Amino acid sequence: MAFLCRSASSLLKSSRAAPAVLSAVRLYSSGGQYEYILVEKRGEKSNVGFIQLNRPKALNALCDGLMKEVGQALDVFEADGNVGAIVITGSEKAFAAGADIKEMQNRTFQECYGGNFLAHWNRVSTVKKPVIAAVNGFALGGGCELAMMCDIIYAGEKAQFGQPEILLGTIPGAGGTQRLTRAVGKSLAMEMVLTGDRINAQEAKQSAFELTLAEGNRLEKRLFHATFATDDRKEGMTAFVEKRKANFQDN
Ligand code: CO8
């Protein structure tokens with residue numbers, strides 16, 4: 001996950017400009033009607049899967065139904081060979097203000113532990129296609145964690161990231177303590193998790209670092225080696241040697 005604060009505005013602008021289109025595609029190809037999200041394919045070639053969280057009255061609080069729908073939409077886009085990347089966004093006011101506190105309020109330890117509460121949230125981080133979070137407004141608690149599960153974060157000027165769970169007497173539960181540490185460093189992550197204080201897009205970008213150099217290099221080397229298992233790596237290098245344009249087949 002990388003923080004980029006160039007601006008999410010172009011993505012958000014186009015979603016504001018086309019509300020009719022968005023509502024018209026709520027049925028998208030999965031067949032079921034989405035209640036909490038708007039889903040469509042965008043781009044000249046319709047090859048960008050676009051998911052907009054749509055619970056404006058609750059600042060896109062991530063209720064169970066919403067996260068299940070996000071999972072369903074991701075499944076559809078993952079299976080769609082025409083989709084090359086996926087964007088998850090919210091509104092200008094809120095990407096997502098966290099897990100739904102009203103839904104969690106009366107849960108017991110036995111229910112959470114026994115039922116592996118919210119385990120399905122992980123789906124976002126297991127998608128094989130690149131997932132981009134276009135964030136503006138509040139990205140708090142589970143909202144910040146959802147953004148960090150994505151591969152890239154484009155943050156708008158009004159974006160605010162925070163893990164305020166401590167103010168509710170709980171802790172992040174969807175990777176916040178782990179991914180935030182890697183994203184902004186241990187010191188700032190500790191401060192945010194221990195105080196609930198928020199940071200804006202600029203601060204997130206300035207603090208951004210991902211893995212340690214050693215971890216990153218190890219991972220990079222393995223992924224580099226893995227490209228040698230693909231036909232496209234062979235084709236790319238062969239095309240260079242033969243002075244022609246590569247004809248990639250996504251294999
Ligand atoms: N859950 C439920 N409802 C919410 C949430 C939320 N997280 N956030 C806002 N809302 C609702 C409010 O209750 C309010 O509804 P209503 O009008 O019916 O009272 C509506 O959204 C608007 O909210 P506010 O009036 O509070 O709006 P403000 O602009 O005054 O404040 C804030 C905006 C600062 C974002 C404020 O709403 C707030 O602090 N929200 C809570 C933020 C928070 O604490 N988030 C963390 C939640 S815990 C969590 O995410 C744990 C994740 C664990 C995942 C585990 C996976 C395994």
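Trainee: Where is Gln178 found?

Mentor: Gln178 sits in helix α8. Helices are DSSP runs of H or I with at least four residues, strands are runs of E with at least two, and both are numbered from the N terminus. This is a predicted model, where local features need pLDDT of at least 70 and side-chain atom pairs pLDDT 80 or more, while totals for chains, interfaces and linings use all residues. Residues are numbered from 1 along each chain as its sequence is written, and side-chain values use heavy atoms, without hydrogens and water.

Trainee: Why is Gln178 called partly exposed?

Mentor: Gln178 has a relative accessible area of 46%. Buried means under 20%, exposed means over 50%, and partly exposed lies in between (1.4 Å probe, protein chains only).

Trainee: Which residues of α8 are buried?

Mentor: Gly176, Leu180, Ala183 and Val184 are buried in α8, which runs over residues 176-184.

Trainee: How do you know that they are on the same side of α8?

Mentor: Look at the arc, taken from the directions from the helix axis to the C-beta atoms. These residues cover only 70° around the axis, so they share one side of α8.

Trainee: What follows α8?

Mentor: Gly185 does, with a positive phi near 95°. Helix α9 covers residues 186-195.

Trainee: What makes α8 and α9 oblique to each other?

Mentor: Their axes cross at roughly 135° and come within 7 Å. Axes are lines fitted to C-alpha atoms, for helices over the stretch in contact, and angles run from 0 to 180 degrees between N-to-C directions. Under 35 degrees is roughly parallel, over 145 roughly antiparallel, 65 to 115 roughly perpendicular, and the rest oblique. Therefore α8 and α9 count as oblique. The crossing is right-handed.

Trainee: Which residues make the contact?

Mentor: Leu180, Thr181 and Val184 come from α8, and Lys186, Leu188, Ala189, Met192 and Val193 from α9. Contact means heavy atoms within 4.5 Å. Gln178 and Ala189 are 11 residues apart along the chain, with 9.0 Å between their C-alpha atoms.

Trainee: How do you know that the buried residues of α9 are on the same side?

Mentor: In α9, Leu188, Ala189, Met192 and Val193 are buried. They cover an arc of only 125° around the axis, so they lie on the same side of α9. The face turned away from that buried side carries the exposed residues Lys186, Ser187 and Leu194.

Trainee: What do the buried residues of α9 pack against?

Mentor: They pack against β9 (160-162), α8, β10 (198-200) and α10 (201-207). Just after α9, Gly196 takes a positive phi of about 80°.

Trainee: What makes α7 and α8 oblique to each other?

Mentor: Helix α7 (residues 142-149) packs with α8 at an angle of about 60°, with the axes 10 Å apart. Therefore this pair is oblique as well. The crossing of α7 and α8 is left-handed. Glu145, Met148 and Met149 of α7 touch Gly176, Arg179, Leu180 and Ala183 of α8.

Trainee: Why does Glu145 count as buried?

Mentor: Glu145 is in helix α7. Its relative accessibility is 2%, so Glu145 counts as buried. Beyond its neighbours within four places in sequence, its contacts include Gln163, Glu165 and Pro172. From Glu145 to Gln178 is 33 residues in sequence and 9.7 Å in space, C-alpha to C-alpha.

Trainee: Which residue other than glycine has a phi near 60°?

Mentor: Asn60 has that positive value. Most residues other than glycine have a negative phi. Asn60 lies in the loop between β3 (48-53) and α3. Its relative accessibility is 2%, so Asn60 is buried. Asp250 is not a glycine either, and has a positive phi of about 60°. Asp250 lies in the segment after α12 (231-241).

Trainee: Why does Asp250 count as exposed?

Mentor: Its relative accessibility is 72%, so Asp250 gets the label exposed.

Note on methods: A crossing is left-handed if the near helix is turned anticlockwise from the far one by less than a right angle, and right-handed if clockwise.
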